[in-house]
Amino acid sequence: MLAMKPYAELEQRFRRLSAVGGALAMLGWDQSAMMPEGGAEARAEQMATLSVLRHEWLTDPALGGLLEAAEEQADRLTDWQRANLREMRHEWRHATALNGKLVDALSRAAATCEMVWRKAKKENDFKAFAKVFGPVLELTREAAAAKAALLGRSPYDALLDEYYPGGSSKSIDAIFADLGKFLPGFIDKALARQAKKPAPLPISGPFSTDKQREAGLFFMKALGFDFHHGRLDVSAHPFTGGTPSDVRITTRYADEDFTRSLMGVLHETGHALYELGLPGKWQHQPVGRAGGMVLHESQSLLVEMQVCRGDEFLSFATPVLRRIFGGDGPAWSLENLQRTYRRVQPSLIRVDADEVTYPAHVILRYRLEQMLLSGDLAINDLPDAWADGMQTLLGVDVPDHGHGCLQDIHWSTGSIGYFPTYTLGALAAAQLFAAAKAADPAIQPGIAKGDFKPLLRWLRKHVHSLGSLLSTDDLLRQATGNPLNATAFKAHLKARYLS
């Protein structure tokens, strides 16, 4: 029993840390979904206080000693315990790189900036955003430099490590270079093939928020969302928050178009299913958390892009949508919904982009956030750099800041290093769905009937229940036979858009 004491004490400490992290997650969800604007100052104080408290617990010298003592006894631990110890050290190293003053300042600045961003996006006011984003960026640079010095990585890679543990800009550059060679020619071919077919018929609204919510709830339930442990709300930017036992997802509604909000719900449901499927035994330990944002985005994009834009799902969904919205006529046919949901069209908004042009949105943000962090791009030059990038990569003109560099929430909260995980997640989603279909022939017929249990079973076994036991590449190797790569994604695009 004595030999296990350091590890057992670590589990106790990280259980408390998990509770504080959960409280922060719920406060963050409320700030984005429910809190009135007048609560911003008090909320910033609350979140900063909890963030500093959590940081103080993580950087307690005694915790470092316990980690060393437990690692000396690692041969007496189970595989899960050793993986938990690895994840504890990973979290501890990121925390010890920063001092409490920086954690407090960054938390307050981010909370303030997020609230200003919401209003600035609506009012197309980049100047107001830039004023409060400046401190966030400066503090993020300071945090990146401190973590880089401790981890022995570049400042950008030190931030990336929070979202994609073990990942590097070098590996991302190689994958994005591969996509960069493939996508331009492929987009031209897909557009040429699409031009030979009828354009989607407009699906006329308006569509009430109540009906759109009804549709979202129906498909959430069909996919396996547990409403005893989660809920659906509205926010300026769709997201998944909360904790694995209380998962909060949000979407946004537009009266003239239900298709975007529905896909937003389906995307976030993929995130939620992952959270709900994490190993309950390890819920309050680092190893019980999701295995990074590449895997998290793989689950949302597997549901939204791989499954819900596919023929089987749309054949199941079409009569349901007609019933809920009272739709009738050619615009509500399966063929028209297929054309609507699989239309390739370079566009302004990342979250509404088709899966073919989506990587270009991510590559732009990846490049710009590296330049912002390094200081090679000044904040005031961001709108022009954004507009130039959109024209170069997608051939579209940016009409205003709300449809340009203010459309995403990430930078306002200091989340630099997150964006590449979206496209890396799309690649992982293609790998995982291809492997799942090959392993279980019941998956696709099940989807066509509205039965998602075979797919969910496979994901629970090969992804969800593993938490952070394995690295991203090791999990993908185990589940699909290959590390992360673009091969399955390219094959998927060819099959869906050219065959």
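Buried means under 20% relative accessible area, exposed means over 50%, and partly exposed is whatever falls in between. Keep that in mind as you click around this predicted model.

**Stop 1**

Start by selecting Asn124. You'll find Asn124 in the loop between α5 (100–123) and α6. With a relative accessible area of 35%, Asn124 is partly exposed, because that value sits between the two cut-offs. Now look at the backbone: phi is positive here, about 55 degrees, although Asn124 is not a glycine.

**Stop 2: a cis peptide bond**

Next, select Gly205 and Pro206 together. The peptide bond that joins Gly205 and Pro206 is cis, with omega at about 5 degrees. Pro206 belongs to the loop between α8 and α9 (209–223).

**Stop 3**

Are they buried or exposed? Phe182 is buried, with a relative accessible area of 14%, and Phe186 is buried too, at 4%.

**Stop 4**

Now colour α7. This helix is mostly covered, with seven of its nine residues buried. Click through the buried ones: Tyr156, Asp157, Ala158, Leu159, Leu160, Asp161 and Tyr163. What covers them? Show α4 (79–96), α6 (126–151), α8, α11 (293–307), α14 and α16 (420–439), which are all part of the cover over the buried residues of α7.

**Stop 5: aromatic rings**

Show every Phe, Tyr and Trp ring for this one. Counting rings whose centres lie within 6.5 Å as pairs, there are 26 aromatic pairs. One of them is formed by Tyr156 and Tyr366, an edge-to-face pair with 5.8 Å centre to centre and 70 degrees between the planes. This pair links distant parts of the chain: Tyr156 is in helix α7 (residues 155–163) and Tyr366 is in helix α14 (residues 358–374), 210 residues apart. Tyr156 and Tyr366 are both buried.

Select Tyr163, Tyr358, Trp386, Trp411, Tyr418, Phe419 and Tyr422, and you'll have a group linked by ring pairs.

**Stop 6: where two helices cross**

Move along to α12 and α13. Helix α12 (residues 311–325) and helix α13 (residues 334–341) have axes that come within 9 Å and cross at roughly 120 degrees. That angle makes α12 and α13 oblique to each other. Turn the view until you're looking through both helices, and you'll see α12 pass α13 in a right-handed crossing. To see what makes the contact, select Asp311, Leu314, Ser315, Thr318 and Leu321 of α12, then Leu334, Leu337, Gln338 and Tyr341 of α13. The residues of this contact divide into five nonpolar, three polar and one charged.

Zoom in on Leu321, which has its place in helix α12. At 1% relative accessibility, Leu321 counts as buried. Which residues does Leu321 contact, leaving aside its neighbours within four places in sequence? They are Ala215, Phe219, Phe258, Leu262, Gly326, Trp332 and Leu337. For a look across the chain, pick Phe218 as well: Leu321 and Phe218 are 103 residues apart in sequence, with 9.9 Å between their C-alpha atoms.

**Stop 7: a serine in α11**

Go to Ser298, in helix α11. Ser298 counts as buried, at 0% relative accessibility. Leaving aside neighbours within four places in sequence, Ser298 is in contact with Gly425, Ala428, Ala429 and Leu432. If you draw a distance from Ser298 to Met390, 92 residues apart along the chain, the C-alpha atoms are separated by 25 Å.

**Stop 8: a leucine in α18**

Finish at Leu455, in helix α18 (residues 453–462). Leu455 counts as buried, at 6% relative accessibility. Not counting residues up to four places away in sequence, Leu455 touches Leu302, Val307, Phe433, Ala436, Ile443 and Ile447.

Notes
Residues numbered from 1 in each chain as written. Predicted model: local features only at pLDDT ≥ 70, side-chain atom pairs only at ≥ 80, totals over all residues. Heavy atoms only, no water. Axes fitted to C-alpha atoms, helices over the stretch in contact; angles between N-to-C directions. Helix = DSSP H or I, 4+ residues; strand = E, 2+ residues; numbered from the N terminus. Parallel < 35°, antiparallel > 145°, perpendicular 65-115°, else oblique. Left-handed = near helix turned anticlockwise from the far one by under 90°. Contact = heavy atoms within 4.5 Å. Nonpolar A, V, L, I, M, F, W, Y, C, P; charged D, E, K, R; others polar. Buried < 20%, exposed > 50% of the residue type's maximum accessible area, 1.4 Å probe, protein only. Phe/Tyr/Trp six-rings, centres within 6.5 Å; stacked < 30°, edge-to-face > 60°.
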